[in-house]
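Me: I would like to go through this structure with you, one topic at a time. Could you keep the answers plain?
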Amino acid sequence: MGLNAQNTLRSGLVHVIVTGDFDLEDAKRSFIETLDLVAQHRIGKVLLDGREITGEPEIVERFYYGEFVADCTLGLIDRGWT
């Protein structure tokens, strides 16, 4: 079983609860879903609860995920998000 992310809009933020076994591709997919919601509703805050994520991502997976998040976020800024 991979990651499952539940996005909920709350007053002024997106609340994300992530559960399940860490999987790099699932993590990327759930981040894109969250970022799309942020862009669609012009929300500037995200509260992520990852306490229920299990597994041991390798160091290189952590690096690739961080790079992916940075690239996606910069892409949103390049498209006019401030």
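Me: Is D49 buried or exposed, and why does it count that way?
Reply: A caution before the answer: this is a predicted model. D49 counts as buried because its relative accessible area is 18%, which is under the 20% cut-off.

Me: Where does D49 sit?
Reply: D49 is located in strand β3, which covers residues 46–54.

Me: And which residues does D49 touch?
Reply: Leaving aside residues up to four places away in sequence, D49 is in contact with H15, V16, I17 and V18.

Me: Changing topic, how much space lies in the largest pocket?
Reply: The largest pocket holds about 280 Å³ of space. Its lining consists of 18 residues, and those closest to the centre are V18, S30, F31, L48 and Y65.

Me: Which elements give two or more residues to that lining?
Reply: They are β1 (3–10), β2 (13–21), α1 (24–41), β3 and α2 (59–78). The largest share, six residues, comes from α1.

Me: How does the lining divide into nonpolar, polar and charged residues?
Reply: There are 14 nonpolar residues, three polar ones and one charged one in the lining of the largest pocket.

Me: Now to α2. What is its reach from the first C-alpha to the last?
Reply: Helix α2 has 20 residues and spans 29 Å between those two atoms, close to the 28 Å expected at 1.5 Å a residue.

Me: Which residues of α2 are buried?
Reply: The buried residues in α2 are F68, C72, G75 and L76. They lie on the same side of α2, because the arc they cover around the axis is only 100 degrees.

Me: What do these buried residues pack against?
Reply: The buried residues of α2 pack against α1. As noted for the pocket, α1 also gives the largest share of its lining.

Me: What is on the face of α2 turned away from the buried side?
Reply: That face carries the exposed residues I59, F63 and D78.

Me: Which residue with a positive phi follows α2?
Reply: G80 follows α2, and its phi is positive, near 110 degrees.

Me: How far is the C-alpha atom of L74 from that of Y64?
Reply: The two C-alpha atoms are separated by 15 Å, and L74 and Y64 are 10 residues apart along the chain.

Note on methods:
Residues are numbered from 1 along each chain as its sequence is written. This is a predicted model: local features need pLDDT of at least 70, side-chain atom pairs count only at pLDDT 80 or more; totals for chains, interfaces and linings use all residues. Side-chain values use heavy atoms; hydrogens and water are left out. Helices (H or I, at least four residues) and strands (E, at least two) are DSSP runs, numbered from the N terminus. Buried means under 20% relative accessible area, exposed over 50%, partly exposed in between (1.4 Å probe, protein chains only). Contact means heavy atoms within 4.5 Å. On a 1 Å grid over the protein atoms alone, a cavity is a set of points where a 1.4 Å probe fits but cannot get out, and a pocket is an open set with protein on both sides within 12 Å along at least five of seven lines; lining residues have an atom within 4 Å of a point. Grid points are joined across faces, edges and corners, and a volume is the space filled by probe spheres set on the points. Ala, Val, Leu, Ile, Met, Phe, Trp, Tyr, Cys and Pro count as nonpolar, Asp, Glu, Lys and Arg as charged, and the others, Gly among them, as polar. The expected span of a helix is 1.5 Å times one less than its number of residues. The arc is that of the directions from the helix axis to the C-beta atoms.
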